[in-house]
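Hi,

Here is the structure I promised to pass on. Have a look at it first, and then read my notes below.

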Amino acid sequence: MLKYINLPEDVLPAVAPYCHAVRAGDLLFVTGQLAEDPATGNVVRGPIDQQTIRVMENLKLVLEHSGSSFSKVVMARIFITDFRMFETVNDIYKSYFEPGRLPGRTTIGVTALAGFGEVEIDLIAYCGEE
């Protein structure tokens, strides 16, 4: 079973040709989120802590709209443009998960991201029975 999930434009507008998530059987693949302001669709520029919080809040919107949550995330990929910001991103990221239930993760340094954001995160969540 495949289900393509798009959030309403007034909740989190898609800024490129993608869906926000795809459910494939018991797995939910969440498209990488930038620090996009849900009200305007523009990527928020500013301190990395503000960008990371916005990214995590956008992921939360997608997870909730898809009937999931951070407690079901099994894998995350973090794309970051400057590893000097790693500790800040890391601290904010882990605050969204329950202690002892951190997902698997890969962190990748990149030279640029869409919208000139500095952090992007995508997720895979398990949607089956625990």
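This is a predicted model: local features need pLDDT of at least 70, side-chain atom pairs count only at pLDDT 80 or more; totals for chains, interfaces and linings use all residues.

**What Leu63 touches**

Leaving aside residues up to four places away in sequence, Leu63 touches Leu28, Val30, Ser68, Ser69, Phe70, Val73, Leu123 and Ala125; contact here means heavy atoms within 4.5 Å. Leu63 sits in helix 1, residues 48-65 (helices are DSSP runs of H or I with at least four residues, strands are E runs of at least two, and both are numbered from the N terminus). Leu63 is buried, with a relative accessible area of 1% (buried means under 20%, exposed over 50%, and partly exposed in between, using a 1.4 Å probe and protein chains only). Ala125 is 62 residues away from Leu63 in sequence, yet their C-alpha atoms are 8.5 Å apart in space.

Residues are numbered from 1 along each chain as its sequence is written, and side-chain values use heavy atoms, with hydrogens and water left out.

**The strands**

Strand 1 (residues 2-5) and strand 2 (residues 21-24) run antiparallel and are joined by four bridges; strands pair if DSSP finds at least two bridges between them. Ile5 has Ala21 of strand 2 as its bridge partner. Strand 2 also pairs with strand 3 (residues 27-33), again antiparallel and over four bridges, and Arg23 stands opposite Leu28 in strand 3. Strands 2 and 3 form a hairpin with two residues between them, and Gly25 in the turn has a positive phi of about 65 degrees.

Most residues other than glycine have a negative phi. Phe116 is not a glycine, but its phi is positive, at about 60 degrees. You will find Phe116 in the loop between strand 5 (104-109) and strand 6 (119-126), and it is exposed, with a relative accessible area of 64%.

Cheers
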